[in-house]
Amino acid sequence: MQNVLKNFIESWDKSKINMVITGGGISLVDSLKIPGSSKVFGEIFIPYSEESQISILKDLGIENDNSKAERKSASVNSIKSVSKEMSKILLEWQRNRLFSSENDFFVSVTASLSTIRKDKNTKEISFRKGCNEAYVCIYIPLNKDFQKHCFYHIKINKINEEGMRGLCSTPGMIESLRSIEDETIAKIVLYLISGKEEFKPCWFEEISVIKLTDSI
(Lines give C-alpha, C1' and ligand atoms only; values in the text may rest on other atoms or scores of the structure.)
Protein backbone atom coordinates (compact mmCIF):
# COMPACT_ATOMS: atom_id res chain seq x y z
CA MET A 1 0.00 0.00 0.00
CA GLN A 2 2.85 2.34 0.85
CA ASN A 3 4.31 2.01 -2.66
CA VAL A 4 0.90 2.78 -4.21
CA LEU A 5 0.60 5.93 -2.09
CA LYS A 6 4.15 6.97 -2.93
CA ASN A 7 3.58 6.56 -6.66
CA PHE A 8 0.32 8.51 -6.44
CA ILE A 9 1.98 11.42 -4.65
CA GLU A 10 4.86 11.53 -7.11
CA SER A 11 2.53 11.50 -10.13
CA TRP A 12 -0.11 14.00 -8.93
CA ASP A 13 0.21 17.29 -10.84
CA LYS A 14 -3.12 18.99 -10.11
CA SER A 15 -4.41 21.16 -7.26
CA LYS A 16 -4.51 19.84 -3.70
CA ILE A 17 -6.81 17.10 -2.49
CA ASN A 18 -8.86 17.31 0.72
CA MET A 19 -10.60 14.24 2.13
CA VAL A 20 -13.21 13.21 4.67
CA ILE A 21 -13.03 9.48 5.43
CA THR A 22 -15.25 7.44 7.70
CA GLY A 23 -15.53 3.69 8.11
CA GLY A 24 -13.17 2.57 5.34
CA GLY A 25 -10.20 3.77 3.30
CA ILE A 26 -8.51 4.94 6.51
CA SER A 27 -5.16 3.68 5.18
CA LEU A 28 -5.15 6.72 2.88
CA VAL A 29 -3.97 8.64 5.95
CA ASP A 30 -0.62 6.84 5.62
CA SER A 31 0.06 9.01 2.59
CA LEU A 32 0.75 11.90 4.97
CA LYS A 33 3.85 10.05 6.21
CA ILE A 34 5.42 10.21 2.74
CA PRO A 35 7.75 13.09 1.87
CA GLY A 36 6.10 15.55 -0.52
CA SER A 37 2.56 14.67 0.58
CA SER A 38 1.90 18.26 1.73
CA LYS A 39 2.04 19.34 -1.93
CA VAL A 40 -0.74 16.87 -2.75
CA PHE A 41 -3.04 16.84 0.29
CA GLY A 42 -4.53 19.81 2.07
CA GLU A 43 -6.10 17.78 4.87
CA ILE A 44 -7.55 14.37 5.61
CA PHE A 45 -10.32 14.52 8.20
CA ILE A 46 -11.66 11.38 9.92
CA PRO A 47 -14.95 11.68 11.81
CA TYR A 48 -14.63 8.03 12.74
CA SER A 49 -16.94 7.61 15.70
CA GLU A 50 -20.71 7.78 15.46
CA GLU A 51 -20.66 10.76 17.83
CA SER A 52 -18.27 12.66 15.57
CA GLN A 53 -20.46 12.10 12.51
CA ILE A 54 -23.57 13.16 14.40
CA SER A 55 -21.86 16.39 15.52
CA ILE A 56 -21.18 17.28 11.88
CA LEU A 57 -24.79 16.67 10.95
CA LYS A 58 -25.94 18.79 13.87
CA ASP A 59 -23.68 21.60 12.62
CA LEU A 60 -25.60 21.42 9.36
CA GLY A 61 -29.01 21.11 11.02
CA ILE A 62 -29.37 17.47 9.98
CA GLU A 63 -29.51 14.27 12.01
CA ASN A 64 -29.01 10.70 10.88
CA ASP A 65 -30.69 7.36 11.64
CA ASN A 66 -28.48 6.77 14.68
CA SER A 67 -29.08 10.08 16.45
CA LYS A 68 -31.23 10.02 19.59
CA ALA A 69 -31.95 13.74 19.62
CA GLU A 70 -34.99 15.28 17.98
CA ARG A 71 -34.58 16.54 14.44
CA LYS A 72 -34.19 20.27 14.00
CA SER A 73 -36.47 20.17 10.99
CA ALA A 74 -39.33 17.77 10.38
CA SER A 75 -38.80 18.21 6.64
CA VAL A 76 -35.31 16.71 6.75
CA ASN A 77 -35.30 12.96 6.09
CA SER A 78 -33.10 10.67 8.15
CA ILE A 79 -29.78 9.90 6.47
CA LYS A 80 -27.83 6.66 6.68
CA SER A 81 -24.19 6.87 7.77
CA VAL A 82 -23.09 4.94 4.67
CA SER A 83 -24.90 6.42 1.69
CA LYS A 84 -24.58 8.66 -1.33
CA GLU A 85 -26.35 11.41 0.61
CA MET A 86 -23.93 11.22 3.53
CA SER A 87 -20.92 11.29 1.23
CA LYS A 88 -22.21 14.51 -0.34
CA ILE A 89 -22.96 16.06 3.05
CA LEU A 90 -19.50 15.32 4.45
CA LEU A 91 -17.81 16.63 1.32
CA GLU A 92 -19.79 19.88 1.36
CA TRP A 93 -19.11 20.26 5.08
CA GLN A 94 -15.38 20.15 4.40
CA ARG A 95 -15.69 22.51 1.45
CA ASN A 96 -17.47 25.01 3.66
CA ARG A 97 -14.68 24.77 6.23
CA LEU A 98 -12.02 25.35 3.58
CA PHE A 99 -13.87 28.07 1.67
CA SER A 100 -10.58 29.53 0.39
CA SER A 101 -9.75 26.25 -1.38
CA GLU A 102 -12.37 26.37 -4.13
CA ASN A 103 -9.85 25.17 -6.71
CA ASP A 104 -8.99 22.04 -4.72
CA PHE A 105 -10.27 18.52 -5.21
CA PHE A 106 -12.51 17.19 -2.43
CA VAL A 107 -13.19 13.52 -1.70
CA SER A 108 -15.43 11.87 0.86
CA VAL A 109 -15.67 8.18 1.68
CA THR A 110 -18.34 6.51 3.83
CA ALA A 111 -17.95 2.78 4.28
CA SER A 112 -18.99 -0.33 6.21
CA LEU A 113 -16.46 -3.16 6.43
CA SER A 114 -16.22 -6.51 8.22
CA THR A 115 -16.70 -5.91 11.94
CA ILE A 116 -17.05 -8.03 15.06
CA ARG A 117 -18.52 -6.80 18.32
CA LYS A 118 -17.95 -8.31 21.75
CA ASP A 119 -20.41 -7.72 24.57
CA LYS A 120 -18.55 -6.35 27.61
CA ASN A 121 -20.66 -8.37 30.04
CA THR A 122 -21.50 -11.65 28.31
CA LYS A 123 -18.39 -11.72 26.07
CA GLU A 124 -20.69 -12.91 23.31
CA ILE A 125 -19.48 -12.14 19.76
CA SER A 126 -21.77 -10.63 17.16
CA PHE A 127 -21.21 -9.43 13.60
CA ARG A 128 -22.29 -6.30 11.78
CA LYS A 129 -25.33 -6.84 9.60
CA GLY A 130 -25.59 -5.56 6.04
CA CYS A 131 -23.18 -5.70 3.13
CA ASN A 132 -19.61 -4.45 2.91
CA GLU A 133 -19.83 -1.28 0.87
CA ALA A 134 -18.65 2.28 0.40
CA TYR A 135 -19.99 5.43 -1.18
CA VAL A 136 -17.47 7.86 -2.63
CA CYS A 137 -18.10 11.46 -3.64
CA ILE A 138 -15.47 13.38 -5.62
CA TYR A 139 -15.64 17.12 -6.24
CA ILE A 140 -13.79 18.10 -9.41
CA PRO A 141 -12.93 21.81 -9.92
CA LEU A 142 -13.19 21.88 -13.70
CA ASN A 143 -12.98 25.66 -13.88
CA LYS A 144 -14.08 28.80 -12.04
CA ASP A 145 -17.72 28.58 -13.12
CA PHE A 146 -18.21 24.84 -13.53
CA GLN A 147 -17.66 22.07 -11.00
CA LYS A 148 -18.86 18.50 -10.83
CA HIS A 149 -19.63 15.93 -8.14
CA CYS A 150 -19.01 12.31 -9.13
CA PHE A 151 -20.53 9.52 -7.05
CA TYR A 152 -19.47 5.87 -6.85
CA HIS A 153 -20.82 2.82 -5.03
CA ILE A 154 -18.30 0.12 -4.09
CA LYS A 155 -19.37 -3.34 -2.92
CA ILE A 156 -17.02 -5.96 -1.50
CA ASN A 157 -17.97 -9.58 -0.92
CA LYS A 158 -18.78 -10.27 2.72
CA ILE A 159 -17.85 -13.50 4.48
CA ASN A 160 -20.89 -15.13 6.07
CA GLU A 161 -21.29 -15.45 9.83
CA GLU A 162 -20.07 -19.03 9.91
CA GLY A 163 -16.91 -18.04 8.07
CA MET A 164 -16.36 -15.07 10.38
CA ARG A 165 -16.65 -17.30 13.43
CA GLY A 166 -14.06 -19.57 11.88
CA LEU A 167 -11.69 -16.63 11.39
CA CYS A 168 -12.20 -15.59 15.01
CA SER A 169 -10.58 -18.84 16.13
CA THR A 170 -7.23 -17.68 14.70
CA PRO A 171 -5.74 -14.58 16.37
CA GLY A 172 -5.22 -11.65 14.01
CA MET A 173 -7.31 -13.01 11.12
CA ILE A 174 -10.21 -10.57 11.56
CA GLU A 175 -7.80 -7.65 11.80
CA SER A 176 -6.02 -8.85 8.65
CA LEU A 177 -9.31 -9.16 6.77
CA ARG A 178 -10.36 -5.68 7.85
CA SER A 179 -6.99 -4.27 6.75
CA ILE A 180 -7.29 -5.89 3.30
CA GLU A 181 -10.80 -4.48 2.84
CA ASP A 182 -9.69 -1.03 3.97
CA GLU A 183 -6.73 -0.97 1.58
CA THR A 184 -8.95 -2.17 -1.25
CA ILE A 185 -11.26 0.81 -0.71
CA ALA A 186 -8.25 3.14 -0.51
CA LYS A 187 -6.74 1.88 -3.77
CA ILE A 188 -10.05 2.18 -5.60
CA VAL A 189 -10.43 5.76 -4.35
CA LEU A 190 -6.96 6.68 -5.66
CA TYR A 191 -7.88 5.22 -9.02
CA LEU A 192 -11.18 7.11 -9.14
CA ILE A 193 -9.45 10.39 -8.28
CA SER A 194 -6.64 10.02 -10.80
CA GLY A 195 -8.41 8.10 -13.57
CA LYS A 196 -5.05 6.52 -14.35
CA GLU A 197 -4.92 2.81 -15.20
CA GLU A 198 -1.66 2.43 -13.27
CA PHE A 199 -3.61 2.89 -10.05
CA LYS A 200 -6.45 0.57 -10.97
CA PRO A 201 -6.43 -2.32 -8.47
CA CYS A 202 -7.24 -5.88 -9.44
CA TRP A 203 -11.03 -6.16 -9.28
CA PHE A 204 -12.20 -9.68 -8.71
CA GLU A 205 -15.74 -10.94 -9.10
CA GLU A 206 -16.44 -10.15 -5.45
CA ILE A 207 -15.80 -6.43 -5.96
CA SER A 208 -18.00 -4.06 -7.93
CA VAL A 209 -17.60 -0.34 -8.56
CA ILE A 210 -20.61 1.44 -10.01
CA LYS A 211 -20.67 5.07 -11.06
CA LEU A 212 -23.85 6.73 -9.90
CA THR A 213 -25.54 9.79 -11.38
CA ASP A 214 -23.30 12.85 -11.22
CA SER A 215 -24.51 16.20 -9.95
CA ILE A 216 -23.40 19.71 -10.83
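**Pocket lining, a helix and its salt bridges**

Me: Which helix gives the largest share of the lining of the second largest pocket?

Reply: Helix α5, residues 173–194, does, with 5 lining residues. Please keep in mind that this is a predicted model.

Me: Moving on to helix α3, how do you know what span to expect for its residues?

Reply: Helix α3 covers residues 84–97, which is 14 residues. The expected span is 1.5 Å times one less than the number of residues, and for α3 that is given as 20 Å. From first C-alpha to last, the helix reaches 20 Å, close to the expectation.

Me: Which residues of α3 are buried?

Reply: Those under 20% relative accessible area count as buried. In α3 they are M86, S87, I89, L90, L91, W93 and Q94.

Me: What makes R97 and E43 a salt bridge?

Reply: The cut-off is a side-chain nitrogen within 4 Å of a carboxyl oxygen. For E43 and R97 the N to O distance is 2.6 Å, so the pair qualifies. It links distant parts of the chain, with E43 in strand β2 (residues 41–45) and R97 in helix α3, 54 residues apart.

Me: Why is the contact of K14 with D13 called a salt bridge too?

Reply: The closest N and O atoms are 3.9 Å apart, and the limit is 4 Å, so this pair also counts. D13 is exposed because its 62% is over the 50% cut-off, while K14, at 43%, is partly exposed.

Me: Why are E161 and R165 about one helical turn apart?

Reply: Both sit in helix α4 (residues 161–168), and they are separated by about one turn because they are 4 residues apart. Salt bridges that share partners join K129, E161 and R165 into one network. Between E161 and R165 the closest N and O atoms are 3.1 Å apart. E161 is partly exposed at 37%, and R165 is partly exposed at 43%.

Me: How many salt bridges does the whole structure have?

Reply: The search finds 7.

Note on methods. Residues are numbered from 1 along each chain as its sequence is written. This is a predicted model: local features need pLDDT of at least 70, side-chain atom pairs count only at pLDDT 80 or more; totals for chains, interfaces and linings use all residues. Side-chain values use heavy atoms; hydrogens and water are left out. Helices (H or I, at least four residues) and strands (E, at least two) are DSSP runs, numbered from the N terminus. Buried means under 20% relative accessible area, exposed over 50%, partly exposed in between (1.4 Å probe, protein chains only).
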